[in-house]
Amino acid sequence: MGWGDMEPPNSSAAGRSDTCFGVFNASDGRNNAQTSITSPWFSTAFGLIGLCSNLFALCVLLSSSRKLSSRARSSFLVFLCGLVVTDFMGLLVTASVIIPYHFIKFTWAKVDPGCHLCNFLGFSMVFFGQCPLLLGATMAGERFFGINHPFSRSTSISKRRAWSIVGLVWGFSCLLGLLPVLGLGRYTLQYPGSWCFITLLPDTGNVVFCLLFALLGIFSVLLSFIFNTVSVVTLCRVYHDRESVQRRRDSEVEMMVQLVGIMIIATICWMPLLIFIVQTVLQQLPASGRIQMLPMETQKMLLIYIRMVTWNQILDPWVYILFRRAVLQRIYPSLRPRPSILSLYPVLNPSLRRKFTADSVLQ
């Protein structure tokens, strides 16, 4: 998502608020298009960088997953793979709609009088936007239980179960994206006329859906922050409680570094947009029914925040590419394979240790 940087449609329906073409002033967008800093070539290059980055990360992930016997690491790679696939498909789907428009400059209202293409693009923006946030929270939760309850059988997730969880996240995001199509809110063409997204107007359906989308995203980011903070504190406390610094397991550190990186990127890229959506719809509530078009300043700010969100899909794969042990060991040679987190806890009864070894040490 995040390809909203092109010229407005030459639409006669642009002024009607009851369609997907009536939220912004098309003539204003047309006048500003000539001074836009973007171009078809810029957007195309920007998209290709994102697609190639995610494709490269996917190849590295698939190669790494074949070499692993650790169940916890394997399940974590499944979640990472789901995240990379989501980012890749998000860029690919939105680009397949918007890049052709950028070059052909078709009249949107003539090509899509029933708003089906706009609904599809809006659905894609919501689906591929919400999925990474939910997957980030899911990954943080999985590592939280894996680190804080390393001896529990229930924290051991198989690859099949991990893929099932990814599928549930995709399914939930799909249902969320379909709500405007089913009548709760609506997708509308946004300034400068090249992309569709949720409508920030103060009628009941749009307000409910905007708040649902934004608050769910904020909740996912905050949940990731809580889980990751507790996990990092637990790792640091357990490591420093031992006398020997050699009693570390680098895989847990590696996963947490990658997860914290993903969380930081999501927070920086997404929180401004989510907070902006909440502020905008709440500030407009007193004028419900009287506002038929977003102020130009609001339209421009929404475009800026959407462009920030685009960087999330481009930077996510580089977190895994750059923060792998193979790369980190070149920077910090003292990182070497070490015992698991099980060895960091107080000495266990030998028979109990043997029992846990079969089921938990391989996490």
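Among contacts in the protein chain between residues at least 6 apart in sequence, what percentage join residues at least 24 apart?

**Figure 1. Overview of the predicted protein chain.** The percentage is 81%; a contact means heavy atoms within 4.5 Å. This is a predicted model, where local features need pLDDT of at least 70, side-chain atom pairs count only at pLDDT 80 or more, and totals for chains, interfaces and linings use all residues. Residues are numbered from 1 along each chain as its sequence is written, and side-chain values use heavy atoms, without hydrogens and water. The chain holds 11 helices and two strands (DSSP runs numbered from the N terminus: helices H or I, at least four residues; strands E, at least two). From the N terminus, the order is α-α-α-α-α-α-β-β-α-α-α-α-α.

Figure 2. Thr86 counts as buried because its relative accessibility is 2% (buried, under 20% relative accessible area; exposed, over 50%; partly exposed, in between; 1.4 Å probe, protein chains only). A polar atom of the Thr86 side chain lies 2.7 Å from the backbone oxygen of Gly82. Leaving aside residues up to four places away in sequence, Thr86 touches Phe128, Cys131, Pro132, Leu135 and Trp170.

Figure 3. Helix H9 covers residues 296–322.

Notes:
A polar contact is a pair of N or O atoms within 3.5 Å; within protein, one must be able to donate a hydrogen and the other to accept it, and residues adjacent in sequence count only if both atoms are side-chain atoms.
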